[in-house]
Amino acid sequence: MIEQVAGVPGIDVPRLSSWLADNLSSGGPISGIELLAGGRSNLTYLIRLGDRRVVLRRPPLGHVLPTAHDMRREHTVLSALAGTDVPVPTPLALCQDEDVIGAPFYLMEHVDGRVLRTVEDAADVTPEEARALSERLADAFAAIHTLDVEKAGLAGFGRPQGYMARQLARWRKQWDASVPADPTLPDATRASYERLVERLTTRLPGDGLTGLVHGDFRLDNALVRLRPEPEIAAVVDWEMSTLGDPLSDLGLTLVYWTDPGDDERGSIPVGSTVTTAPGFLSSREFAERYAATTGYDLTDLDFYVAFGCFKLAVVLEGIHVRYLQKATVGEGFEGIGASVPILLDRAHRTLDDGAR
């Protein structure tokens, strides 16, 4: 549904119009703004400028965790990746002046493509196309992690040394910033979280692989096209990208991946359930394709999957707090809080039994 040009949540339309006139070389006045569905973190808008379409990204409203939702970071990595083997939208402009719409934002070219999130989204996708899309997604993931970051101008984009230890400290800090504002969080969940932190601390790996990390890689954070051949048109949502251990990226992606029959994972309203449709690779097959393409050793994959569960639980707790504060935009937030203990339990089971 296209929002009215006036009164769009998170957008000061008159100020944005003035800024666009001064900073975007072509297009014309705003003729429509659409709040795109699916974003539970940064807000994404399709902006119509006459016949031209561009996309605007800004941080969420309300409760924002420290260091999260960095618009400059997203703009920087998109600019570096343009023209590489990693498919991304073309960035257009960055605005760090919060007086324009109330927060920093950036603009990128609109990419024609589909978001596949649910089985219903894939009603017209054949099993052969589903398999090809899975393989292309694994290949795009491998291209991200094997990118020559120095050649791409991203050598200073992060601090890969000590990455996993800093990640653990960072997400613990994010949890501590959220839970005081959540009176609904059960004591059992708090205790499960503390036990998990102890187990992850014990298993923390030392410095090993280093590469560009997307931070939130999954099928529904990509735009896909089916014809003339299945392809990943663009990988989006780079807000948590940095340099670090690429296997941490893989672990989280496998947490997002829903296998047929995994009803517990399907109950978590983040990521895509479309991968349960006929033809999509299983999470194990996806990991095997990734390993074959990158050559990376996945012996410690159970740790990285458990860490992915931990990270996603912390992220969802922050979103749940924004929902409690009535600061979310869009639908589908009411079940977020219930997913936190499920993810913590899955992390414990993964450490007990190993990654599938």
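These legends accompany several close-up views of one predicted model.

Residues are numbered from 1 along each chain as its sequence is written, and side-chain values rest on heavy atoms, with hydrogens and water left out. Because the model is predicted, local features need pLDDT of at least 70 and side-chain atom pairs count only at pLDDT 80 or more, while totals for chains, interfaces and linings use all residues.

**View 1. A five-stranded open sheet.**
Let us start with the sheet, whose strands follow the order β1-β2-β3-β5-β4 with antiparallel pairing. The edge positions belong to β1 and β4 (91-95), each with a single partner strand, so one side of each has no neighbour in the sheet. From one strand to the next, the twist averages 20°. Strands here are DSSP runs of E with at least two residues, helices are runs of H or I with at least four, and both are numbered from the N terminus. Two strands count as paired if DSSP finds at least two bridges between them. As a reminder, strands of a sheet pair through backbone hydrogen bonds, either parallel or antiparallel.

**View 2**
Buried means under 20% relative accessible area, exposed means over 50%, and partly exposed lies in between, using a 1.4 Å probe and protein chains only. In a regular strand the side chains alternate between the two faces of the sheet. Four bridges pair β1 with β2 (residues 43-49) in the antiparallel sense, and Ile33 has Ile47 of β2 opposite.

Leu49 stands opposite Arg52 of β3, and Leu46 has Val55 as its bridge partner. On the β5 side, four bridges join the two antiparallel strands, with Val54 partnered by Glu109. Six of the seven residues of β3 are buried. Two residues separate the strands in the hairpin of β2 and β3, where Gly50 takes a positive phi near 65°.

**View 2. Gly28 beside Leu49.**
Gly28 sits in the loop between α1 and β1 and is partly exposed, with a relative accessible area of 45%. How far apart are Gly28 and Leu49 in space, C-alpha to C-alpha? The distance is 5.2 Å, although 21 residues separate Gly28 and Leu49 in sequence.

**View 3. Two helices on the sheet.**
Helix α1 (residues 13-23) lies across β1, β2, β3, β4 and β5 (105-109), and runs at about 60° to β5. Helix α2 (residues 71-81) also packs on the sheet, where α2 touches β3, β4 and β5 and its direction makes about 155° with that of β4. Contact means heavy atoms within 4.5 Å. Axes are lines fitted to C-alpha atoms, for helices over the stretch in contact, and angles between N-to-C directions run from 0 to 180 degrees.

**View 4. One buried face on helix α8.**
The twelve residues of α8 (residues 283-294) reach 16 Å from first C-alpha to last, close to the 16 Å expected at 1.5 Å a residue. That expected span is 1.5 Å times one less than the number of residues. Ser283, Phe286, Ala287, Tyr290, Ala291 and Thr294 are the buried residues of α8. Why do they line one face of the helix? Seen down the axis of α8, the buried residues fall within an arc of 135°, so they share one face; the arc is that of the directions from the helix axis to the C-beta atoms. Their packing partners are α3 (127-145), α6 (246-256) and α9 (301-324). Just after α8, Gly295 has a positive phi of about 80°.

**View 5. Backbone details in two loops.**
In the loop between β7 (222-225) and β8 (231-235) you will find Pro228, joined to Arg227 by a cis peptide bond with omega of about 15°. Asp237 belongs to the loop between β8 and β9 (242-244). Its phi is near 60°, a positive value in a residue other than glycine. Asp237 is partly exposed, at 21% relative accessible area.

Cys95 is buried at 2% relative accessibility, and Cys309 is buried at 2%. With a disulfide taken as a pair of cysteine sulfur atoms within 2.5 Å, the count comes to zero disulfides.
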